[in-house]
Amino acid sequence: PRLLTMTVLLIWLSVCICSRSSSIIDVVSGFSSSSSSISSRRRRSTMTATSTSLSYAIVFPEEEAPSEPIDPLAIDLAEDATREITKMMVWAENYGVQRGEGCTLSPMTSDYNKDVHIMATQDLPSGSPIVYVPEELILSSSKAMEEFRYSEDMTEEFRLASQMKVSEEMINSTGCESEIRHFYLMLKILKEVERGRESPWFDWLDSLPRYYSNAASMSQFCLLCLPPLMKKLAEEERENMNCLVSSIKMVPFLDDMIKDHPRDVCKWAYQVVYTRSIEMEDGDLRIIPMADYFNHGSEYTEIDYAFDEEGNYYSYTSYDVPAGSPLRISYADPRNPSFLLTRYGFLDKNCPASFCKLMPTDVTDEMKELGYSYERMLFYSNGEVAQEVWDILLYSYLGVSGEFDDLQALLTAHREGDSETRIMLHEKHYEATSTALMEHIDTFIEQLDKLNEKANTVGREATYVRNEHPRLPLILEHNNFVKQTFLNVRNRYTAEESGGSSNWIEATRVTVMECNDEECAQAECMQDENGSWECEGGLGHNPDGTEKATSKDVIASY
């Protein structure tokens, strides 16, 4: 009877095990269930510098293995994962974030909430409060550096510094030392991802984008379809990302689960930091949950923001905003759409200007003195050319043609503010500089056409592009946008239209420096079709209506 009983019991256990074998997934190293995973993370939640070696190797029953392993991360980082916006809004309210009446988060499309932004739901008077975020919820590079590099206990401080030494040496050796604050903010993001649902920022992290269209996320084929400046910016961006990601994988107390995750969590953290942080005057980088949902504005922005003495964040409208309007801040110089696409992954068609793409092999100090920079060498969307472009074209021509007396005269006139001499020199050599301008424009447009032709070799295969090169359509859109700007300039400055006259001096926009005995201020002036000038900025007027400025100097004309 005892043997019979034992036999029956063994048969019963075998049946139970077999009946569940198709549904049980055993996870190695502490991931046998979600509760144990959370429990293990709870035990690690206060640990900042202890080496961990959690594994996410997964064992499947032989008869039924799923196509993909179960991801031990609490956040789904697949590019098509839905962003949990509603949960984030509830989380924000519970953590003390206050949102003003008349504004909400709204997706621009229904495509996995790829682009979600703050917008006005009713008319908002100037100065209306929009978002308040308490200081303790703000992520910053200074806090992250204090958390991971330093400690009140001196012994602990030296131990932590020793553990960070290898990573920081790698950053310095690869020339990325200026990005050290971004590095530590990335580390903070990754440690909170590692904590999973125990992180106070979990719901905010789960609301962030997974899909990006910037240079860091482009395929190698996409990079081949970029014009020279954007390709240069994209390569620099990717080199910077590779430097920081490689360095952060040397941090000993960052979980191997994070370092080796197939979704490349470190790269995702790079995207979060570089697209959502704002830089303070002291160099500190801050990510303000909820306020990081303001989109970018070029021509004007609806939002101003400030921090009080305790570090709390306040934002409010900068003017009367009508219902249905997006609420925006400025991410970067709006006159550089290539940088905005490279860093943030969007094309701003409202950009008033674009870099003229003149890229000499050797930019001399004298060229920099004349104004050579991406921010000043501009073609405007209305076809105008910045003064600095003409100055560089003239400087280059005079150097190549050997007219060194005129070259020196140009530099002297620039240094002394002698606009009369400078105009004379431009008029004297206008035929040569205008020809150089047309040749540059034609060459660049031809180059863009070849790049677009390359892109279209696969661009007609919609399914292939969507799966392999989903950023390619945006690159084509960027190339065509830049091409149109160049065509506008070309049409404005063709010899046939100008009749050989130097129409560059017929400025329709100037920058004026207004001064009196106490102060100076810059004004931007536009000329209308009737020849009348209207200016914004400057010193303004006295109560009796007279101008405060006692002198006005044109410092740039367009």
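In what order do the three strands of the open sheet lie, and is the pairing parallel or antiparallel? In this predicted model, the order is E7-E9-E8 and the pairing is antiparallel. Strand E7 (139-140) and strand E8 (278-279) form the edges, each pairing on one side only. Two bridges link E7 to strand E9 (residues 285-287) in the antiparallel sense, and Ser 140 has Arg 286 of E9 as its bridge partner. Helix H6 (residues 180-195) lies across E7 and E9 and runs at about 30 degrees to E9.

The chain as a whole contains 20 helices and 19 strands. Of its 558 residues, 47% count as buried. Among contacts between residues at least 6 apart in sequence, 68% join residues at least 24 apart. The mean pLDDT of the chain is 81, with 78% of residues reaching 70 or more. Two stretches with pLDDT under 50 were noted. One covers residues 13-66, for which the model has 79 contacts beyond four places in sequence. The other covers residues 495-506, for which 20 contacts beyond four places in sequence are present.

Strand E12 (residues 313-317) pairs with both strand E6 and strand E11. The pairing of E6 (residues 129-133) with E12 is antiparallel and extends over four bridges; within it, Val 133 has Tyr 313 of E12 as its bridge partner. Strand E11 (residues 303-307) also runs antiparallel to E12, and five bridges join the two. Here Tyr 305 stands opposite Ser 315 in E12. E11 and E12 form a hairpin with five residues between the strands, in which Gly 311 takes a positive phi near 90 degrees.

The axes of helix H14 (residues 387-401) and helix H16 (residues 419-428) come within 11 Å and cross at roughly 65 degrees, and the crossing is left-handed. On the H14 side the contact involves Gln 387, Trp 390, Asp 391 and Leu 394, which meet Arg 422, Leu 425 and His 426 in H16. The residues of this contact divide into three nonpolar, two polar and two charged.

Notes:
Residues are numbered from 1 along each chain as its sequence is written. This is a predicted model: local features need pLDDT of at least 70, side-chain atom pairs count only at pLDDT 80 or more; totals for chains, interfaces and linings use all residues. Side-chain values use heavy atoms; hydrogens and water are left out. Axes are lines fitted to C-alpha atoms, for helices over the stretch in contact, and angles run from 0 to 180 degrees between N-to-C directions. A crossing is left-handed if the near helix is turned anticlockwise from the far one by less than a right angle, and right-handed if clockwise. Contact means heavy atoms within 4.5 Å. Ala, Val, Leu, Ile, Met, Phe, Trp, Tyr, Cys and Pro count as nonpolar, Asp, Glu, Lys and Arg as charged, and the others, Gly among them, as polar. pLDDT is the predictor's confidence in each residue, from 0 to 100. Two strands pair if DSSP finds at least two bridges between them. Buried means under 20% relative accessible area, exposed over 50%, partly exposed in between (1.4 Å probe, protein chains only).
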